[in-house]
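Q: I'd like to learn how to read helix packing in a model like the one we're about to open. Can you walk me through it?

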Amino acid sequence: MKLLNLAFLVFLLGLPSCQKDKIVEQQDENVVEQTIDSSGSEAFEMYEMSEMAALMEQMYVDNQRLKDRIIKGDTIGKFPQHFVKIHNAVMTDENDKDAFFDEQAQKFIQAQELIYKDPKNAKQHFNNGVDACIQCHQVKCSGPIPRIKKLYIK
């Protein structure tokens with residue numbers, strides 16, 4: 001059930017915004033993309049989230065929860081080790097995995113780790129992590145930027 005909700009969240013909040021000329025609808029745990037082929041007839045193809053897309057969705061949810069804890073002054077907890085999969089997760093378009101992405105991913109991980117190592121400055125470290133996400137998405141896939149900006153702690 002969580003996977004279905006996660007897939008639906010991706011659909012609603014930005015993942016499809018990086019794709020053009022497609023009609024997207026939710027069906028079970030996958031997203032169905034409807035395109036019009038050269039003959040004018042409709043063609044359907046199933047889209048499964050890449051490892052990276054799924055990881056980014058999980059990191060977004062984790063960071064929403066972390067933001068709430070930081071705002072409330074609650075205990076931060078431990079750095080989520082699955083975040084480091086950002087360096088190896090398979091991307092939707094493998095051409096997007098380049099030196100720029102690797103640099104932004106490293107900035108994101110460093111900022112995230114600092115939240116847990118230096119909780120007194122958690123807000124600043126958290127916002128630095130959000131900055132790294134936005135800087136990368138400005139170059140790679142701008143669709144999720146409005147959603148990511150909602151993570152900032154003011």
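This is a predicted model: local features need pLDDT of at least 70, side-chain atom pairs count only at pLDDT 80 or more; totals for chains, interfaces and linings use all residues.

A: Let's settle one term before anything else: two residues are in contact when heavy atoms of theirs lie within 4.5 Å.

Q: What is the order of elements in the protein chain, from the N terminus on?
A: The elements run α-β-β-β-α-α-α-α. That gives five helices and three strands.

Q: How much of the protein chain is made up of buried residues?
A: Buried residues make up 38% of the 154 residues. As for contacts with a separation of 6 or more, 56% of them come from residues 24 or more positions apart.

Q: What happens just after H2?
A: Gly73 takes a positive phi there, of about 75°.

Q: Which residues have the most contacts inside the largest nonpolar core?
A: In soluble globular proteins, nonpolar side chains tend to be buried together. Here the largest nonpolar core has 28 residues, and Ile70, Ile86, Ile115 and Phe126 have the most contacts inside it. Helices H2, H3, H4 and H5 each supply at least two residues of this core.

Q: What does Ile86 touch, not counting residues up to four places away in sequence?
A: Ile86 touches Met52, Leu55, Met59, Phe101, Ala105, Phe108 and Ile109.

Q: Now the helix pairs. Are H2 and H3 roughly parallel or roughly antiparallel to each other?
A: Read the angle between their N-to-C directions: under 35 degrees counts as roughly parallel, over 145 as roughly antiparallel. H2 and H3 pack at about 30°, with their axes 13 Å apart, and they are therefore roughly parallel. H2 brings Met52, Met56, Met59, Asn63, Leu66, Arg69 and Ile70 to the contact, while H3 brings Phe101, Phe108, Gln112, Ile115 and Tyr116. Their crossing is left-handed.

Q: At what angle do H2 and H4 pack?
A: At about 155°, with the axes 11 Å apart. That makes H2 roughly antiparallel to H4. On the H2 side the contact uses Met56, Asn63, Leu66, Lys67 and Ile70; on the H4 side it uses Ala122, Lys123, Phe126 and His137. This crossing is left-handed.

Q: And how do H3 and H4 meet?
A: Their axes come within 7 Å and cross at roughly 165°, so H3 and H4 are roughly antiparallel to each other. H3 passes H4 in a left-handed crossing. Among the H3 residues that meet H4 are Phe101, Phe108, Ala111, Leu114 and Ile115; the H4 residues they meet include Phe126, Gly129, Ala132, Cys133 and Cys136.

Q: Let's zoom in on single residues. Is His137 buried or exposed?
A: A residue counts as buried under 20% relative accessible area and as exposed over 50%. His137 comes out at 13%, so it is buried. It lies in helix H4. Leaving aside neighbours within four places in sequence, His137 is in contact with Met56, Ser142, Pro144, Ile145 and Ile148.

Q: Which residues does Tyr116 touch, with that exclusion of residues up to four places away?
A: Tyr116, in helix H3, touches Leu66, Arg69, Ile76, Gly77, Lys78, Phe79 and Pro80. At 16% relative accessibility, Tyr116 counts as buried.

Q: Why does Gln110 count as partly exposed?
A: Because its relative accessibility is 42%.

Technical notes
Residues are numbered from 1 along each chain as its sequence is written. Side-chain values use heavy atoms; hydrogens and water are left out. Buried means under 20% relative accessible area, exposed over 50%, partly exposed in between (1.4 Å probe, protein chains only). A nonpolar core is a set of buried Ala, Val, Leu, Ile, Met, Phe, Trp, Tyr and Cys residues joined through side-chain atoms within 4.5 Å. Helices (H or I, at least four residues) and strands (E, at least two) are DSSP runs, numbered from the N terminus. Axes are lines fitted to C-alpha atoms, for helices over the stretch in contact, and angles run from 0 to 180 degrees between N-to-C directions. Angles under 35 degrees count as roughly parallel, over 145 as roughly antiparallel, 65 to 115 as roughly perpendicular and the rest as oblique. A crossing is left-handed if the near helix is turned anticlockwise from the far one by less than a right angle, and right-handed if clockwise.
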